[in-house]
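Hello,

Here is the structure I promised to pass on to you.

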Amino acid sequence: MSEKQQAGFRARVQKFGSFLSSMIMPNIGAFIAWGLITALFIPDGWFPNEDLAEMVGPMITYLLPLLIGFTGGRLVHGLRGGVVGATATMGVIVGADIPMFLGAMVIGPFSGLVIKYVDKLFEGKVKSGFEMLINNFTAGIAAGILAIVGYYVVGPVMAGLTNILGSAVEFLIGAGLLPLVNIFIEPAKILFLNNAINHGILSPIAVDQTQDLGKSILFLLESNPGPGLGVLLAFTIFGKGVSRQTAPGAAIIHFFGGIHEIYFPYILSKPALLLAVIAGGVSGTATFAALGVGLTATPSPGSIIAIGTLTARGDLLGVIAGVLIAALASFLVASLILKLSKKDEEDDLNQATAQMEQMKGKKSSVSGQLTKDEEANETSTEEAPSGNTEEVPSVREGDIDRIIFACDAGMGSSAMGASLLKNKFKKAGISIDVTNMAINDLPSDVDIVITHKDLTERAMQRVPEAHHISVDNFLNSPRYDELVNELQNDEKPEESQEKAQPAPSGNTGEVPAVDEKEIDRIIFACDAGMGSSAMGASLLKNKFKKAGINIDVTNMAINDLPSDVDIVITHKDLTERAMQRVPGAHHISVDNFLNSPRYDELVNELKEDE
């Protein structure tokens, strides 16, 4: 397989792992809640309580799979996809006698895809007044059929697969071979394939084991921070240049913060160090297995704090021993490799950091900690994928209400960048909300979005009306200081004239001066996105059809309005909310969805010669 084919295959696996992670990560809080209840109240728990322990079974059987199924469906087709996905997941749950996490991961997204195509099939073919009836019954019928498919097909198949995987794990444990799994896990982590392994294989089997045993060793295989800690400690003592200077800080972030990717460049700078983390992983897992310890839920992130919190009763010392032995084994092997190495590690680390980010397909959340000395002296040379998105926009503090750092998961990298900018704003006396989230969750009313350059294009597709700032490094970008300076600049008189635009409460009721060629989509919006807006949309569709105007007209809830809508039609009491949701659209406010003169005005405006 060529290098290009290998990169393509790795990217596809990473994308698959990212999708699995997108179903699991939003629900990690529920998993941790279940893990804590299990650890505390089951008969072998810290505080046994027969009544409270009754929650453990229903949560693992129903709550967690339903959340996964809902999230998977919503990722594909919004709330309708989520509802259908959750309903179909119920069929999978009843059709199997074990917790159906894998089944939910399959049926949830599939259900979202099915209802998405069903909606497209009926789009533009529903008679006026029947929209709500069709919308509700298509979703209900599809969900019912998919639940039956889940019961008879997906549930039994996934139960069989889970049993096979579980039997394989039990065989490895019984034969004392489970530690050898780390021979594959540790290199896979460096290649950013850990999401596919952890969330797609280990966690579902581990949850099933926890139901029977109250804990599982599988939760510790990928999350053990010991191997990475040992490598970083070796660089702290035996490293050179930047690697030695940055290793102590990286060790703290890795061990206590749980962000494991910070040690990946150190491994890539000297690939022989893979032997060190493999030795650490094998030693740690062997210790966990020998002592019979485990966790009650997935520790996310893989911090020693999270691991300690989710450790089963009586297993804390054993878990700590496994982590420390893993760190010691990794440290000894890494120290030997570093002592025998004569290369310039400073150059190696910088090159390895870039290599790591290339493999990841986006900026690392913590690479700035590794190359900060070099980057601190660099000028602003960051590049964006297109346009001038890398430039800090000309803005005033009064014009900006919200700045969002966005990445794939909306956690590690974006959270750290947001924290850094918050501190800069605080010192500068700038009062603007700064937060972080996943790109897929970006709201349409955000003013400035800050992303790594490899993700800016996706962010622009999500919220094209926002200002976009593209950076090379979330933790050490000159864009932050430029933004602070721009916001601190005194407002000039001519800028005041340029900013003099109509207020949101202006003539929103008036039909805008538009050309048919400029308009692709018109949406009627109300609270529920059904009855009144559906009938208004149907009425305007008929007027457009008679006038020979070919523009998509649909209806939805205000909270679901997409950022690329051209015209939004709302009742006058809801227009302000709609404008906050999609400020870049034209807004038409009406008194009555079924009898407004605005519709004829809009038809006439679109029919006028250009």
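Predicted model: local features only at pLDDT ≥ 70, side-chain atom pairs only at ≥ 80, totals over all residues.

Aromatic pairs

There are nine aromatic pairs in the structure. In one of them, the ring centres of Phe-31 and Phe-101 are 5.5 Å apart, and the pair is tilted because the planes meet at 40°. Phe-31 belongs to helix α2 (residues 28-41) and Phe-101 to helix α4 (residues 101-122), so this pair ties together parts that are 70 residues apart in sequence.

Phe-255 and Phe-256 make an edge-to-face pair, with 5.2 Å from centre to centre and 85° between the planes. Here Phe-255 is buried, at 12% relative accessible area, whereas Phe-256 is partly exposed, at 46%. Elsewhere, ring pairs join Phe-524, Phe-593 and Tyr-599 into a cluster.

The nonpolar cores

Which residues touch the most other members of the largest nonpolar core? They are Trp-34, Ile-68, Leu-218, Val-231 and Leu-273, out of 83 residues in that core. Ile-68 is worth a look in your viewer. Setting aside neighbours within four places in sequence, Ile-68 is in contact with Met-23, Ile-24, Asn-27, Phe-31, Phe-101, Ala-104 and Met-105. The tilted pair described above, Phe-31 and Phe-101, is therefore among the contacts of Ile-68. Another core, of 31 residues, lies apart from the largest one and includes Ile-569, Phe-593, Leu-602 and Val-603.

Helix α4

Helix α4 has 22 residues and spans 32 Å from its first C-alpha to its last, close to the 32 Å expected at 1.5 Å a residue. Buried residues in α4 include Phe-101, Ala-104, Met-105, Gly-108, Ser-111, Gly-112, Ile-115 and Val-118. In general, residues three or four places apart on an α-helix point the same way, because there are 3.6 residues a turn. After α4 comes Gly-124, which has a positive phi, near 80°.

Strand β7

Finally, Thr-570 sits in strand β7 (residues 567-571). Is Thr-570 buried or exposed? Thr-570 is buried, with a relative accessible area of 0%. Leaving out neighbours within four places in sequence, the contacts of Thr-570 are Ala-525, Thr-575, Ala-578, Ile-588, Ser-589, Val-590 and Phe-593.

Happy browsing, and best wishes

Technical notes:
Residues numbered from 1 in each chain as written. Heavy atoms only, no water. Phe/Tyr/Trp six-rings, centres within 6.5 Å; stacked < 30°, edge-to-face > 60°. Helix = DSSP H or I, 4+ residues; strand = E, 2+ residues; numbered from the N terminus. Buried < 20%, exposed > 50% of the residue type's maximum accessible area, 1.4 Å probe, protein only. Core = buried A, V, L, I, M, F, W, Y, C linked by side-chain atoms within 4.5 Å. Contact = heavy atoms within 4.5 Å. Expected span 1.5 Å × (residues − 1).
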